[in-house]
Amino acid sequence: MSVFNRLVALTLPFVPKPIVGAVAKRYIAGESLDEAVKVAEDLNQAGFLAALDLLGEDTTRIEQARQAANDYSRALDEITTRGIDAYISIKPTQFGLKVDPRACLELIRSLTTRARSKGQFVRIEMEDSSSTSETIELFRTLRGEFSNVGIVIQAYLWRSVADISAIADLKPNVRIVKGVYVEPRRVAFKDPRIINRNYVLMAEELLRKGAYVAFATHDELLVWEAFRMAEEMSLPKEAYEFQMLLGVQAELRDIIRDAGHRIRVYIPYGKDWYPYSVRRLRENPEIAGYVMRAMLRGE
C-alpha cells in the first residue's frame, strides 16, 4: 500500500463532495428507499440475501429518532409487500440512545414488534466504544422479549470475548465484524493478526454454544476459516451465513454463493451517504488514492 494512498485517506474530508459521490455509487444504493429495494430485489434474483441500512447516526433530537423509526417501518412494509428476502439493520444512536435511552428502547421495541408481526428480523448495529455497554444491555432487554432481533460484536475490541460470553445464554444471532471506528489502543487491538485470531475465537465459541453467526468479512483468510469451522462442526447451512458490503469484493461474494453458502449483502442508502462514504474510503486507502487522482484530473 503506497504512502500516497495513506496520505490521501487522511485528507478525504477535504475532497469535493461530487467526486466522493461518483466513487461512492458502487457502495451506496441511492438516497431513497425505492432505490435500495430495487437493489435488494436484484440481489435476491442473483441468489443473495439482503440487509437494508438507512444511513445516519448520533441523532441530537428525539424527533429525528422517531423519523428514523418511521422510515424503517416503511422499509419493513416494502420488503414484506414485495416478498424480498431482506431484513433491516439499525443503529441505536440513530434511535436516540445518547439523547434519551428509554425513548430509544421504546422506539426499537415498537419497530421489532412490527417486524415480528410481518415475519421480519431486526439487526442492532454496534457503533463506537462509547455506546458498547448500552447497546449490549439494550439487546439483552429486547432478546428477552423477541426472537427476531440480533446484534453485532466487533472483533477488534479487547472486551468482545467477554461480551459474547455474557450473551451466549441467549443463543443470539450475532454478526461478527472486525470493527471500523477509530479507537485508542487501550480499547481496541491494533495488530491485524490479533484481530483475525480474535474473530475466529469469537465465532468458534458462539457456534459451539448454539448461536447463529453471520460472518461479516471481505477477508479471504476469514472466509476460509469460516468454511473450516462449518466443515469441522458439521454445521447445517441454516446455522450461519456470510455478509458483505454492497460493491465490495463481488468476485469473492460469488465464490461463497457458488460454494452453496448463504450470503447477505449489506445495502446502505439515504441522504446521509457522504459521511458514510468518507469513512469507508478512509478504510480503503487504495480507493482513496483513486479519488484523489480523479480530482487532480478534473473528473
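What share of the contacts in the protein chain between residues at least 6 apart in sequence join residues at least 24 apart? With contact meaning heavy atoms within 4.5 Å, the share is 75%.

## Basis of the model

This is a predicted model, in which local features need pLDDT of at least 70 and side-chain atom pairs count only at pLDDT 80 or more, while totals for chains, interfaces and linings use all residues. Residues are numbered from 1 along each chain as its sequence is written, and side-chain values use heavy atoms, with hydrogens and water left out.

## Overall make-up

The protein chain contains twelve helices and eight strands, taken as DSSP runs (helices H or I, at least four residues; strands E, at least two) numbered from the N terminus. Of its 299 residues, 55% are buried, where buried means under 20% relative accessible area, exposed over 50% and partly exposed in between (1.4 Å probe, protein chains only).

## Salt bridges

The whole structure holds 25 salt bridges, each a side-chain nitrogen of Lys or Arg within 4 Å of a carboxyl oxygen of Asp or Glu. One of them pairs arginine 82 with aspartate 34, with the closest N and O atoms 3.8 Å apart. Arginine 82 lies in the loop between α4 (62-81) and β2 (86-90) and aspartate 34 in helix α3 (residues 33-45), so this pair ties together parts 48 residues apart in sequence. Arginine 82 is partly exposed at 38% relative accessibility, as is aspartate 34 at 47%. Both belong to a salt-bridge network of Asp34, Glu41, Glu78 and Arg82.

Arginine 114 and aspartate 77 also form a salt bridge (2.9 Å, N to O), linking helix α5 with helix α4 across 37 residues.
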